[in-house]
Amino acid sequence: MEETAPSTRSGLGLRIETRRKVKQYRVLLLMLIPGILYYVIFHYLPMYGVVLAFKEFKITKGILDSPWVGFDVFMKVFSDDYFFTVLKNTLIISLYKLIFGFPVPILFALLLSEIASARFKKLVQTVSYLPHFISWVVMAGIFFHGLLFRGTRKYNHTVFWNGTGTILGG
């Protein structure tokens, strides 16, 4: 038996069938659009930046016009004397983050649930969650100006008038 090319009639029938299915499932296809857009915007488009690993990036030339260096950067990194030290440190830090970042908050929540005083429990919750809602710069400002300098001001004035300078600029 000899294979024959599909006739134009079957191709036409396939297109008609596809159009019928698209029309039938148009609502479901419209529901796919947000998911497809999410993956295109946050997963597919960022892959454009992966090219930077293989280029000697010049900001004036942009990504596409920067000279191509291939695997030179990778060869330089992997042949560096400190590569295995840095890799080991990275793995150790990641392990510590797993060990202390996973069970410690659970234990803290369990301990917090055992506190009898509702007011003290709310105070501890507020203080422990505060760094998540306020930037570290603001927290440092609260610590230095609100707590640390308050106790050293009198001592700073005494030291200043003796001519030996101040502590922490207070």
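1. Which residues in helix 6 meet which residues in helix 7? Phe108, Leu112 and Ser113 of helix 6 meet Lys121, Val124, Gln125 and Ser128 of helix 7, where contact means heavy atoms within 4.5 Å. By class, this contact has 3 nonpolar, 3 polar and 1 charged residues (Ala, Val, Leu, Ile, Met, Phe, Trp, Tyr, Cys and Pro count as nonpolar, Asp, Glu, Lys and Arg as charged, and the others, Gly among them, as polar).

2. The model is predicted: local features need pLDDT of at least 70, side-chain atom pairs count only at pLDDT 80 or more, and totals for chains, interfaces and linings use all residues. Residues are numbered from 1 along each chain as its sequence is written, and side-chain values use heavy atoms, with hydrogens and water left out.

3. Helix 6 and helix 7 pack at an angle of about 155°, their axes 10 Å apart (axes are lines fitted to C-alpha atoms, for helices over the stretch in contact, and angles run from 0 to 180 degrees between N-to-C directions). That makes helix 6 roughly antiparallel to helix 7, the term for angles over 145 degrees.

4. Helix 5 (residues 83-101) packs with helix 6 at an angle of about 15°, with axes 4 Å apart. Helix 5 is therefore roughly parallel to helix 6, as angles under 35 degrees count. Leu98, Ile99, Phe100 and Gly101 of helix 5 make the contact with Pro103, Val104 and Pro105 of helix 6. These residues divide into 6 nonpolar, 1 polar and no charged.

5. Pro105, Phe108, Ala109, Leu112, Gln125, Ser128, Tyr129 and His132 line the largest pocket (a pocket is an open set of points on a 1 Å grid where a 1.4 Å probe fits, with protein on both sides within 12 Å along at least five of seven lines; lining residues have an atom within 4 Å of a point). The lining has 5 nonpolar, 3 polar and no charged residues.

How values were computed
Helix = DSSP H or I, 4+ residues; strand = E, 2+ residues; numbered from the N terminus. Parallel < 35°, antiparallel > 145°, perpendicular 65-115°, else oblique.
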